[in-house]
Amino acid sequence: MNTVFPEGFLWGGALAANQVEGAWQEDGKGLTTSDMQPEGIFGKVVRRKPGDFCIKDKAIDFYHRYPEDISLFAEMGFTCLRVSIAWARLFPQGDEPEPNEAGLAWYDKLFDELAAHHIQPLVTLSHYEMPWGLVEKYGGWASREVISCFERYARTVFQHYAHKVKLWLTFNEINMSLHAPLTGVGLQGNPGKTEIYQAIHHQLVASSLAVKACHELVPDGRIGNMLLGGLIYPLSCKPTDVFAALRENQNWQFFGDVQCRGAYPGYMKRYFRDNNIKLQIEPSDLTALSHTVDFVSLSYYMSGCATAEPELVEKLRGNILDMIPNPHLQSSEWGWQIDPVGLRTLLNMLWDRYQKPLFVVENGLGASEKPDADGKINDDYRINYINDHLVQAWEAINDGVELMGYTYWGPIDLISASKAEVKKRYGFIYVDLQQDGSGSLRRSRKKSFYWYQQIIKSNGAALKR
Ligand code: BGP
């Protein structure tokens, strides 16, 4: 069997604006949902007062240090870098008629720097942040108004960057809104199911309108969705547990089903009926939804289990997504269960379901680390983690799955999304930054830096199988 990955397979890393850029108030940028949640995507909303410290305000200062970081990515051999555009850099309040030129100019410089290093950008339109102005004024995605604000933003960037960016994604982990409604759809407080699904509906329409706009304005471009690949196994082989797992998987597959098939699936209509959820869906929404994505992208960190027995659910549920832990798997320091074979299963599952090219745009291991006496970080645990996941991705390719690429999350230490921690480090590159904001921000290479370089250079042949 061929040991290398397909020709043209994209190798690289993935970042998000609010977790790396910093410069939270520079060049006219407006406040975002991320700025208002200094403790992370599950944290409370804090009205920021001058002088209040938040680790994300400066983050790893990618806004000013991107040339150095990109040259390090190029040294590893990246052919692709996933980044996101901070919507509020372009539309500070979200509903302005014209974009902020300074915001457009910064991303121009970023894409030019990538081009100079032959790194292809993969750009997420909205990664866990939206202009706070839209939350205050319209109640976030609860309002239909936000659809046209987003469409204006999307059309602006497609038009402006069409010659520089060919690969696009709409909303990061669109299914996460079920767990973090403020981050996902800009809903404050404790919204009910109807409110959440109505906001999600508006966002799905906006995602499809962005697909349509991309096809019009970037004719040689491709646009995908982005799903949190929350693979769920039955806790036992009891038929009721198997069905519970199927239902749990449908909870997130629903988003992909709409984005790939262009209509609401029957199981979701039943769920709405059974739970008395009545959505306002305009006839024009149904036409909009028919614009389906070109490819499916996903994040994959862990798998979980489901059971039909409520007392077990109460007793066992664990990590941030409330999944039931699998007794056969080990966990990371943060309790995320490590399951490389799950990636092969997931890729096969999505390929069978959609028959569209897939792209793993996030996968990675967060760990607390500090340099040893020689200033080195020997992160063999990270090397093993990635090796084992890539081997399974390669198995899936051999199963017949069309896989476009793999962008590791996050190739450089950054601020974590769930709890805004810098001590949860993912990088091949260490950043000298501590949680209290101290540190020189100096970048240094970990052992995995050189390992990933070899993997890319050999197009996967150097993996341990
Ligand atoms: C995904 C997000 C990322 C990223 C990653 C790791 O859910 O798309 O933004 O942060 O998870 O999560 P965390 O940063 O909480 O460790």
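How do the residues of the shell around the ligand divide into nonpolar, polar and charged? The shell holds 6 nonpolar, 5 polar and 3 charged residues. In this classification Ala, Val, Leu, Ile, Met, Phe, Trp, Tyr, Cys and Pro count as nonpolar, Asp, Glu, Lys and Arg as charged, and the others, Gly among them, as polar.

The model is predicted: local features need pLDDT of at least 70, side-chain atom pairs count only at pLDDT 80 or more, and totals for chains, interfaces and linings use all residues. Residues are numbered from 1 along each chain as its sequence is written, and side-chain values use heavy atoms, with hydrogens and water left out.

**The ligand**

Around the ligand stand 14 residues, of which E173, A417, S418, K424 and Y426 come nearest; a residue is near a molecule if one of its heavy atoms lies within 4 Å of it. The table lists polar contacts, that is, pairs of N or O atoms within 3.5 Å.

| Residue | Protein atom | Distance to an oxygen atom of the ligand |
|---|---|---|
| A417 | polar backbone atom | 2.6 Å |
| S418 | N or O atom in the side chain | 2.3 Å |
| Y426 | polar side-chain atom | 2.5 Å |

On its own the ligand has 380 Å² of accessible area, and the protein covers 95% of this area. Accessible areas come from the Shrake-Rupley method with a 1.4 Å probe.

**Cavities**

On a 1 Å grid over the protein atoms alone, a cavity is a set of points where a 1.4 Å probe fits but cannot get out, and lining residues have an atom within 4 Å of a point. The count comes to 7 cavities of 30 Å³ or more. The ligand takes up the space of the largest cavity, which contains about 300 Å³. Its lining has 25 residues, and Y128, E173, Y301, W336 and E362 are the closest to its centre. By class, this lining has 14 nonpolar, 8 polar and 3 charged residues.

The second largest cavity contains about 90 Å³ of space. Among its 14 lining residues, Y128, N172, T183, G184 and Q203 are the closest to its centre.

**Pockets**

A pocket is an open set of points with protein on both sides within 12 Å along at least five of seven lines. The largest pocket has a volume of about 680 Å³. Of its 25 lining residues, H179, E248, N251, L321 and D322 lie nearest its centre. The elements that give two or more residues to this lining are α9 (193-217), α10 (239-261) and β8 (304-306), and α10 gives the largest share, 5 residues. Helices (H or I, at least four residues) and strands (E, at least two) are DSSP runs, numbered from the N terminus.

How values were computed: Polar contact = N/O pair within 3.5 Å; in protein donor to acceptor, adjacent residues only side chain to side chain. Sits in = over half its atoms within 2 Å of the grid points. Points joined across faces, edges and corners; volume = space filled by probe spheres on them.
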